[in-house]
Every structure is written in C-alpha cells, then in structure tokens.
Amino acid sequence: MADNHLEGLAYFGQFGIDEALIRTGLQAALSRGGEFADLFFQYGQANSLGLEDGEVNRAYTGVELGVGIRVVRGDQTGYGYTEDLSPQAVRRAALTAAAVADGPARDFPQAFSADIVPSRYPIARPWSDVHPGEKLPVLQRLSIDTLAADPRIQKVSVHFADSSSAFLVADSQGRIAFDLQPMTVLSLSCVAEQDGRRESNGFNLAGRQGFDWYTAERLQYMVGQAVARTMQLFDAVPAPVGEMPVVLAAGSSGILLHEAIGHGLEADFNRKKVSIYSDKMGKAIASDLVTIVDDATLDHARGSIDVDDEGNAAGCTTLVEKGILQSYLHDSMSARHYGVQPTGNGRRESFRHVPMPRMRATYMLAGPHKHDEIIASVKKGIYCTNFANGQVQIGAGDFSFYVKNGWLIEDGKLTRPVKDVNLIGNGPKVLEKVDMVADDLVIDQGGWTCGKDGQSVPVSQGMPTVRVAAMTVGGRG
Amino acid sequence: MLQIAARAVERARQLGAQQAAAGVYRSREVSIQWRDGQMEKVIEATSRGLGVDLYVDGRFASVSTCDMRDEALDRFLQDAVALTRTIAADPFRQLPDPQSYPQWARRSEPAPIDLELEDPDYAQVTALERRELAEILEQSARKGDSNGAILSVTTSVSDSIDESWRVHSNGFSAARRGTSYWLGADVSVQDVDGRRPEEAAYAGSRFFNQLPQAISVGQLAVERALGRLGSVKPASAVQTLVVDQRASGRLLAYLMGPMSGAALQQKRTFLGEKLGQSIGSPLLHVQDDPFVKRGFGSRLVDSEGIEAKPRVILDQGRLSMFFIDTYYGRKLGVPPTTSGSSNLAWQLGSLDAMGLIAQAGEGLYVTGFLGGNSNATTGDFSLGVQGFAIRNGKLAEPVAEANIADNHLQFWPRLVAVGNDPYPYSSMRTPSLVFDKVMVAGT
C-alpha cells in the first residue's frame with residue numbers, strides 16, 4: 001500500500017498542483033467563515049472508438065482537468081469550479097464558494113495526511129498505455145462474428161470506451177485522499193430483419209477493468225447474447241396488461257432495487273423529509289425475505305470505489321435486513337445531520353458538480369428458493385430478463401422500469417417472448433410483495449449509469465431470481 | 001477565443017489534417033437553491049473548453065479538452081492526429097460543402113441578423129435579486145397550502161451566458177452568444193397514506209425581464225402538488241388521452257428521434273420507407289423555425305455550420321424530411337438537410353387543455369411521464385404516466401402508477417385534437433394533444 005497522500009501529490013504535480021496551491025485554495029475558501037471546505041482536483045482522459053458498417057472509422061478523446069471548491073456552513077453549500085489551475089483562478093473560485101458564509105476567516109490546515117485506501121480495481125496496464133491500434137481487432141472481431149452468427153443480421157455497430165480518471169480531494173480538516181479509477185464499456189448492437197420486420201438489440205459489458213479483461217471467451221459471450229436477445233424479439237407476442245405476478249431474473253433485475261428503494265434511501269431526500277422512506281428507520285419496509293446492500297467493495301465492479309469523492313472510506317452498507325430498514329446512504333453532510341458515520345456514498349460526476357449521496361453497487365442477497373421453483377409457481381405472469389432504463393418519484397414512491405426482453409409465464413412454464421414493456425409499481429408496496437427469493441444472486445456487468453439532479457455516475461446492480469406477487473405490466477394486450 | 005479556435009485549426013493542418021473544425025466555448029453559470037426558508041446551495045463558475053474535429057488522410061476523429069495551457073494543447077493535438085491515423089479510412093467523412101455556409105460566415109463577418117439570444121442586461125442581475133426571487137417562489141407556494149400539507153419547498157433561480165466560437169478550415173467562422181434564466185419550485189406534500197408526492201413548476205426565458213412572475217410559478221407548483229393527494233391507480237382500459245403541453249413534447253421527441261440520418265442509414269427507424277407518406281392524422285403538422293426571436297432553439301447555422309432555414313417536418317400527417325447531416329447524407333447518397341431541429345412550430349388548434357378535456361368528456365389527462373421508453377426500430381413504446389381521470393368533461397380524481405403503450409405508426413393517426421397552448425419553456429413548443437383509444441394499464 002503506497003502512501004496515498006504522497007502518491008496523489010506526485011500524480012497531480014504534473015499539472016502544477018502542490019500543497020501550496022491547496023493551502024491557497026483552502027485559505028480563500030475559509031476566508032468568510034465557512035465551517036468546512038474541500039478542493040476536488042480531477043484529471044481524466046476518456047477514449048472511444050466506434051465501428052459502423054464493418055470498419056472502425058471514428059475515434060473520440062476527451063480530456064478533463066479542473067478543480068471544484070466547496071464551502072459548507074450548516075446545511076448550506078457554496079460551490080465554484082474552474083479548469084484554470086493557476087493560483088489566481090483557484091483563489092477566485094474559492095472566494096466565490098466562500099460567499100455562502102458571512103463571518104470571520106477560519107484557520108486552514110498547514111499539513112495534510114491520508115488514510116489507507118484499499119485497491120479494488122488494480123489493472124495490469126493503465127488505459128493510457130494501450131495503443132488504439134490494439135483495440136481495433138476487438139471491435140472487428142465482434143462485428144465479424146455477429147454478422148456470421150445469423151444471416152438475418154443486417155447491421156452491427158460496436159462502441160469501445162475506456163477512461164482513466166484521477167482525483168485528489170483535500171479538505172479543511174487536513175485530510176487528503178487520492179484515487180485512480182479506470183473504467184471500460186464495450187457495447188455491441190445489431191439490427192436484424194425477418195420477413196420484412198426489423199428488430200434491434202444489443203449487449204454491453206462494463207467494469208473498472210483493463211484491456212486484458214476482453215478475452216476471446218468474453219467477446220464470444222457478448223456476440224451470443226446480443227444475437228439471441230435480438231432474434232428473440234421476432235417471436236414476441238404482445239405483452240399483457242394490468243396487475244399480475246412478475247418474476248425478475250437474476251442479474252440486471254437489480255434495477256428494481258435501484259428504483260424502488262435505492263434512491264429513496266439517499267439521505268439527502270430523507271434529511272429534507274421528501275422521501276417515502278423518511279421516518280422509517282428501524283421499521284419493516286419490505287417482506288422478511290428482503291436483505292439489500294449497497295456495496296463499494298466488489299472487485300473491478302463498475303459501481304465500486306476505493307474511497308468516495310469526499311475522501312470518506314467506502315465499504316458495504318446494509319440498507320435493509322430481513323425487511324427492516326437499517327441505514328440510509330450518506331455523504332458527509334447528511335451523516336453530520338443524522339449524527340452517524342458517513343457511509344462512503346458521497347459521489348459526484350466531476351469537479352463541476354457538488355457531491356451528494358449516490359448508490360454504488362446495489363443488490364439483494366440470496367434467499368431460500370430455487371429459480372425453477374419460482375417459475376413453476378406462477379400460473380399467469382411475466383418473467384423479465386433484460387432491462388433498458390428506470391425512473392422513480394422519491395416522495396410518492398412510484399417507480400417504473402423498462403423491460404427489453406421477457407417471457408410470458410403460463411401454467412408454470414416460460415412460453416413465448418415479450419418485449420418493450422414498461423412495468424410500474426410503488427416502492428414499499430412492491431417490496432412487501434416480494435414473496436420468493438432464490439439462491440442464485442448475480443451481479444450484473446452492464447454499463448449502468450445513474451442520473452440524479454443532472455449528475456451521472458457509474459453504478460452496478462444485482463439480484464437473485466425474485467417473485468413479486470403483483471405489479472402493473474404496461475403492455476398493449 | 002476565436003483566435004484559439006483558429007490556431008487549433010491551423011495547428012491541426014500543420015500536423016497533417018487535410019480538414020479541421022474547431023469550436024471553443026465559454027460559459028458562466030450562477031444557480032441558487034433555496035429550501036424551507038434558507039439558502040441551500042450557491043453555485044457560480046465560469047467554464048471553458050475546446051473541441052476539434054479532425055479529417056486526416058480520409059480518417060476522422062473528434063476530440064475535446066479543457067486543458068488549455070499552450071504546451072498541453074499542442075501535445076493534445078499531436079496525439080489526436082496520431083490517433084486519427086490509426087483507424088480505418090472513411091470516404092464519407094468531410095466538412096460540409098462551403099456553399100452551404102452562410103456568406104457572412106464564409107467571409108468571417110459578424111452575422112447580419114440579430115435573433116436576440118443575448119440579454120444585454122445579463123451582468124446586471126444581482127445576488128440579492130436572485131435570493132429575493134427564490135424567497136418569493138417559496139412564499140407564493142406556501143400561501144397556496146391552507147391545510148398544512150406541505151413538507152418541503154425547494155426553489156431555484158439560475159442564469160447563464162454561453163459563448164461559442166467555431167472555425168472550419170474550408171472557410172467558416174462564426175461566434176454565438178446567448179443568455180438564459182430559469183425559475184423553479186418543487187413542492188412536496190404529505191398524503192394521508194404515507195406517500196409524499198411532489199410536483200414542480202419551471203419557467204425560463206432568454207431575457208430576464210421576460211420571465212413570468214415568480215409568484216405565478218410558486219402558485220402553480222403548489223397547486224400541482226396538492227392535486228396529487230389521494231391519487232389512485234386506475235383500472236386497465238382503453239381510453240382517450242389528453243396529454244398536457246408540458247408532457248406532450250416527449251411523445252413528439254420519440255417520433256422525431258428516428259428521423260435522423262444515422263437512424264435511417266443504420267436501419268434503426270420505423271420511418272425508413274415513409275418519406276412523403278402519411279404517418280399521422282392531418283392535425284400532425286409541424287414545422288421547424290430557426291428564426292424565432294429569443295427562441296431557445298433559435299440559430300443562424302446548425303451544429304455543422306450549414307445555413308439554417310425554416311422547414312416543414314410533418315405536413316398534415318405526411319413525413320416531409322429526415323434530419324440528415326453531411327456524413328450520413330454522403331453515406332446515403334442524398335443531400336444533407338440539417339443535423340437536428342431548432343424551434344418547432346405546430347399548427348395550433350383553438351382550445352386549451354381545459355377546453356380539450358371538456359371536449360373529450362371521458363378519458364385520462366396525462367400531466368407527466370414516469371420512465372418508459374420507445375423502440376426507434378419498431379415504433380413500439382410503453383410509458384409510465386400520471387395525471388387525472390376525466391369524467392363528464394371535467395377533471396376527476398388524480399391517477400398514478402399507470403402506463404400507456406402503443407406503436408407510433410398506429411398512435412399518431414389517432415391524434416384527434418391539437419391545443420392552442422404550445423409549451424413556452426422548451427424549443428419543442430408542443431401544445432396539449434388528444435389521442436383516441438389508447439391502452440392504459442393499471443389494476
């Protein structure tokens with residue numbers, strides 16, 4: 001374990017950032033009586049390559065460098081940011097943020113130290129060392145194999161994205177935290193035609209992984225999934241309409257947790273009393289089969305973090321245990337409000353954004369039932385396997401998620417595929433109706449991105465096979 | 001800043017790019033959030049960046065950076081040109097035909113037309129004024145709550161000035177400045193069964209003195225929030241839908257996404273063979289008008305520098321155009337139109353939402369969506385909705401946890417009425433719309 005503090009300063013030294021600049025920023029930030037201040041320096045490079053019509057014929061690169069300066073006084077936040085890292089610009093941005101307070105200047109730290117930060121996503125070669133020429137065969141392989149897999153495939157596109165982001169956060173308590181966060185997303189999509197009808201679908205993989213993650217087997221798996229998910233659509237029958245039992249497949253069904261409860265447990269909403277889970281701590285909010293965690297520690301997961309964007313330790317937080325609400329997701333500000341330890345959920349999209357409580361990898365723990373037993377238990381319902389997106393109303397608790405691929409369940413058997421159907425329910429009501437949970441937890445490896453107040457952060461989600469006794473299925477009948 | 005863009009183009013050419021286009025932006029934003037009687041958040045910043053499109057030996061890359069230090073910029077461009085050389089050649093990539101640029105941009109002259117996108121008094125707005133507006137928004141919302149149902153009111157006041165400069169190596173140079181101001185109020189209320197529904201009202205303008213009264217925005221927000229109390233899940237049924245002006249733009253956006261040249265060339269559109277054909281009722285008549293004074297989508301050139309002009313998108317239900325940029329135009333072998341819409345202009349009807357509701361008699365009034373999606377390849381869509389039941393031409397109980405599903409090619413022909421009330425706070429400017437016989441899923 002390297003000394004995090006010195007490693008961070010060495011890394012950001014290449015951009016002219018040193019302890020003197022940090023002190024300049026913090027001094028200005030605290031000059032108007034702010035109780036707390038932090039500086040979030042970030043450097044990131046994102047690369048992507050696109051394949052269309054058989055050729056890798058477009059390349060994109062984006063470089064981000066800047067600092068965000070936050071000043072806190074009570075529940076009030078002042079924020080400024082700049083891409084100009086000269087001492088004058090940093091000082092100017094800090095003074096802007098400082099204006100949220102109105103009082104005599106406070107002391108700023110003269111020395112800094114760091115806690116030990118774990119290393120949850122080491123990669124053999126940083127993405128900056130991987131030449132774009134090395135990536136081309138990956139995109140070409142996916143395209144060739146997908147076209148060869150089925151004569152009905154008309155179009156294939158592939159998008160290969162990788163990024164390296166580094167941040168250093170220094171605060172008025174003299175703490176420094178530094179992290180290097182790799183990320184890659186490989187997306188394959190295709191359009192197929194059969195009897196004059198067209199359908200499109202795809203598959204993507206994402207993680208805090210390096211280039212060697214994309215093994216031949218993994219690419220083969222992607223092709224198989226993308227083609228199968230597309231072809232299945234040709235056999236789909238109209239989805240049913242109204243309330244019925246819904247079985248959620250192991251894996252990306254974790255989107256239900258993300259929408260039905262994850263957002264509602266973000267402590268900022270509860271601090272403001274606008275979540276349907278406000279005032280529910282310690283109470284039963286789900287069936288006793290339901291245990292839900294939000295976990296920053298999974299190796300190489302898209303939603304994992306070594307440390308949060310406020311420099312707080314990030315572990316695994318149990319949100320619901322056997323149906324009882326145990327914890328909210330906290331950033332520093334909400335933790336102070338509730339008088340608890342931060343849970344390491346203070347995240348932000350970039351240096352241009354104020355941190356707030358956000359999910360990491362949210363999943364339900366395995367239960368006592370078997371997958372086949374759950375399918376067999378349903379007389380008429382649907383089985384949902386792949387998802388596109390979801391949304392929630394924090395206060396009313398209503399949420400929905402869009403099912404891209406699913407199956408009808410008739411007399412305990414998967415009969416015919418269904419597609420493109422939105423499911424809608426109310427968070428607490430649906431969680432009470434979780435009446436079977438299987439022993440087959442899967443953490444999905446898709447490229448999930450969570451949006452809140454205009455900020456996007458990468459997340460993961462997971463689920464065992466689960467039965468919800470009733471949810472509204474928005475088909476056309 | 002124009003010089004930075006011009007220098008980036010020149011440097012890219014020196015490094016081996018046959019063509020290059022560079023854009024520089026600078027924007028200043030100030031936004032405050034006020035909650036329950038006190039300031040909650042103040043954000044103020046000036047931000048900037050550079051983007052360059054490179055055309056090197058028939059190859060294409062698009063790169064951006066906000067590290068504008070001279071030495072960093074030079075290494076960035078060197079790396080970008082080297083990156084471009086590693087990928088496959090694409091014979092369809094090139095800058096737009098210079099003939100498609102307006103003459104003033106070809107001559108590097110200022111634009112001769114003023115679309116009034118910039119409030120000349122932008123710098124005059126003070127921190128105190130913003131704070132007062134935020135307070136008025138909250139107070140007016142609280143005044144509308146006689147039963148103490150309000151749990152929390154969050155209001156916001158924000159403004160920004162955005163400047164951009166664009167230079168193309170084949171003779172294009174243009175600058176653009178615009179301002180915008182926004183007011184918002186979010187109100188959460190306590191329902192008897194433990195639910196805490198929230199609703200909001202937002203309003204924006206390019207000119208400060210054209211913003212609506214903060215009082216009216218706060219009043220609307222609380223009215224909407226209180227309207228959610230006691231909402232019920234409806235029975236599943238086929239219904240007439242009256243879609244409110246603030247929701248209807250999303251339905252149109254789902255119809256217009258598949259009109260892009262990329263969707264057409266990649267066969268990801270259900271509109272592929274529909275050009276010139278009827279895809280909706282004769283009431284579906286929508287034009288693109290880039291020259292609206294003070295419009296959110298107004299522009300003299302599109303994102304590629306092509307001279308803007310008014311166009312008919314949907315002509316009495318017939319699909320009149322696709323949004324085709326230079327690249328996909330060349331790939332498809334057709335002339336480009338424009339890369340995307342500016343301000344939409346509907347042929348309006350004579351009734352507002354309440355008039356349409358009275359005319360509908362029975363049905364569902366949709367005020368908002370909750371999640372859902374639309375399949376661009378097939379036209380199938382399924383969307384969560386909330387709103388109110390319509391009975392005897394009047395609004396009845398609030399409805400939540402419902403869903404609508406249809407296919408665009410069957411849905412738009414059932415557009416039976418268009419309101420007179422285009423939504424003023426979006427470039428989509430879509431009025432309330434009425435659709436017949438839509439499947440609503442509930443219990």
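B:Glu109 is placed in the loop between helix H3 (103-106) and helix H4 (127-143) of chain B; helices (H or I, at least four residues) and strands (E, at least two) are DSSP runs, numbered from the N terminus. The model is a predicted one, in which local features need pLDDT of at least 70 and side-chain atom pairs count only at pLDDT 80 or more, while totals for chains, interfaces and linings use all residues. Residues are numbered from 1 along each chain as its sequence is written, and chains are lettered from A and ligands numbered from 1 in the order in which they are written.

With 12 other C-beta atoms within 10 Å, B:Glu109 is exposed. A residue is termed buried if 20 or more other C-beta atoms lie within 10 Å of its own, exposed if 12 or fewer, and partly exposed in between, with C-beta atoms placed from the backbone. Between the C-alpha atoms of B:Glu109 and B:Ser374, 265 residues apart along the chain, the separation is 43 Å. The loop between H3 and H4 of chain B also holds B:Ser108. This serine has a positive phi of about 55° although it is not a glycine, and it counts as partly exposed, with 14 C-beta neighbours inside 10 Å.

Chain B has 10 helices and 16 strands. Its radius of gyration is 24 Å, close to the 22 Å that the globule rule gives for 443 residues, so chain B is as compact as a globular protein of that length. The radius of gyration is taken over C-alpha atoms, and the globule rule is 2.2 Å times the number of residues to the power 0.38. The C-alpha trace of chain B spans about 70 × 55 × 40 Å along its principal axes. Of the 443 residues in chain B, 50% are buried. Among contacts in chain B with a separation of 6 or more, 71% are between residues 24 or more positions apart; two residues are in contact if their C-beta atoms, placed from the backbone, lie within 7 Å.

In chain B, helix H1 (residues 2-14) packs against helix H2 (residues 70-86) at an angle of about 45°, with the axes 10 Å apart. Axes are lines fitted to C-alpha atoms, for helices over the stretch in contact, and angles run from 0 to 180 degrees between N-to-C directions. H1(B) is thus oblique to H2(B), given that angles under 35 degrees count as roughly parallel, over 145 as roughly antiparallel, 65 to 115 as roughly perpendicular and the rest as oblique. The crossing of H1(B) with H2(B) is right-handed; a crossing is left-handed if the near helix is turned anticlockwise from the far one by less than a right angle, and right-handed if clockwise. B:Ala8, B:Arg11 and B:Ala12 of H1(B) make the contact with B:Asp74, B:Leu77 and B:Val81 of H2(B). By class, these residues are four nonpolar, no polar and two charged, where Ala, Val, Leu, Ile, Met, Phe, Trp, Tyr, Cys and Pro count as nonpolar, Asp, Glu, Lys and Arg as charged, and the others, Gly among them, as polar.

In chain A, the axes of helix H2 (residues 19-29) and helix H3 (residues 87-98) lie 7 Å apart at an angle of about 25°. H2(A) and H3(A) are therefore roughly parallel to each other, and their crossing is right-handed. Residues of H2(A) in this contact include A:Leu21 and A:Ala28, and those of H3(A) include A:Val90 and A:Leu95. The contact of H2(A) with H3(A) comprises nine nonpolar, two polar and one charged residues. Helix H4 (residues 132-149) and helix H5 (residues 216-231) of chain A have axes that come within 10 Å and cross at roughly 40°. H4(A) and H5(A) are therefore oblique to each other. Among the residues that make this contact are A:Val138 and A:Leu142 of H4(A) and A:Leu219 and A:Met222 of H5(A).

A:Met364 lies in strand S13 (residues 361-364) of chain A and counts as buried, with 29 C-beta neighbours inside 10 Å. Leaving out residues up to four places away in sequence, A:Met364 touches residues including A:Leu257, A:Ile292 and A:Val437. A:His300 is in the loop between strand S8 (292-295) and strand S9 (316-321) of chain A. With 17 other C-beta atoms within 10 Å, A:His300 is partly exposed, and its phi is near 60°, a positive value in a residue other than glycine.
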